Amino acid sequence: MIKDRNNIKEHTRIVRFMIIGTLNAMIIAGVVALMSELLHCNYVLSNIVAYTLAQIHNFLWCRYWIFISPDRKTTFWQQALLFCIAFGMAYGAQLLFVVLLVEKAGVHAYWAQFLGLFVYGGVNFIMNRKVTFR
């Protein structure tokens, strides 16, 4: 039986999100390593650039593969705006977590960035599932 592409099950959606999330993590890790370790940029600047690049990649995959909906009630630009808001919330939670780990707990910035991916991913999935691509 062939499943309608637009009617995927939630577990399939989560697996797809994890696949793209892994690709995003690789983009983020690569940019952070390049900027922090090789170019000696501040860890916050490295974090901002890395997440921004990954989110351009993420939005397109979310719209066309993860959160497919045949009866979209929002336009591309409305979804882009909602995606940016969701990104801002997820990114803010992640950055606060990273800064607290580095500044208060003494965790190395690179490891804090890695752990922050999980905070970001959880908030991002929930926001995009419930708000952006509902």
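Among contacts in the protein chain between residues at least 6 apart in sequence, what percentage join residues at least 24 apart? The share is 70%, where contact stands for heavy atoms within 4.5 Å.

**View 1. Overall fold of the predicted model.** The model is predicted, and local features need pLDDT of at least 70, side-chain atom pairs count only at pLDDT 80 or more, while totals for chains, interfaces and linings use all residues. Residues are numbered from 1 along each chain as its sequence is written, and side-chain values use heavy atoms, with hydrogens and water left out. The protein chain has four helices and zero strands, in the order α-α-α-α along the sequence; helices (H or I, at least four residues) and strands (E, at least two) are DSSP runs, numbered from the N terminus. Along the principal axes, the C-alpha atoms of the protein chain fill a box of roughly 50 × 30 × 25 Å. Of the 134 residues of the protein chain, 37% count as buried, that is, under 20% relative accessible area, with exposed meaning over 50% and partly exposed in between (1.4 Å probe, protein chains only).

**View 2. Helix 1 and the residue that follows.** Helix 1 has 29 residues and reaches 40 Å from its first C-alpha to its last, close to the 42 Å expected at 1.5 Å a residue, the expected span being 1.5 Å times one less than the number of residues. Buried residues of helix 1 include Arg13, Arg16, Phe17, Ile20 and Asn24, and their cover includes helix 2 and helix 4. After helix 1 comes histidine 40, whose phi is positive, near 60 degrees.

**View 3. The buried residues of helix 4.** In helix 4 (residues 109-132), the buried residues include Gly116, Leu117, Tyr120, Asn124 and Phe125. What covers the buried residues of this helix includes helix 1 (10-38), helix 2 (43-66) and helix 3 (76-103).

**View 4. A nonpolar patch on the surface.** Phe97, Trp111, Phe114, Leu115 and Phe118 form this patch, with about 540 Å² of accessible area together; areas come from the Shrake-Rupley method with a 1.4 Å probe, and for residues only the protein chains shown count as cover. Patches are made of residues with over 30% relative accessible area and no salt bridge, with like charges joined within 9 Å and nonpolar side chains (Val, Leu, Ile, Met, Phe, Trp, Tyr) within 5 Å, a salt bridge being a side-chain nitrogen of Lys or Arg within 4 Å of a carboxyl oxygen of Asp or Glu. Helix 4 gives the largest share of the nonpolar patch, four residues. Phenylalanine 118 lies in helix 4 and counts as exposed because its relative accessibility is 57%.
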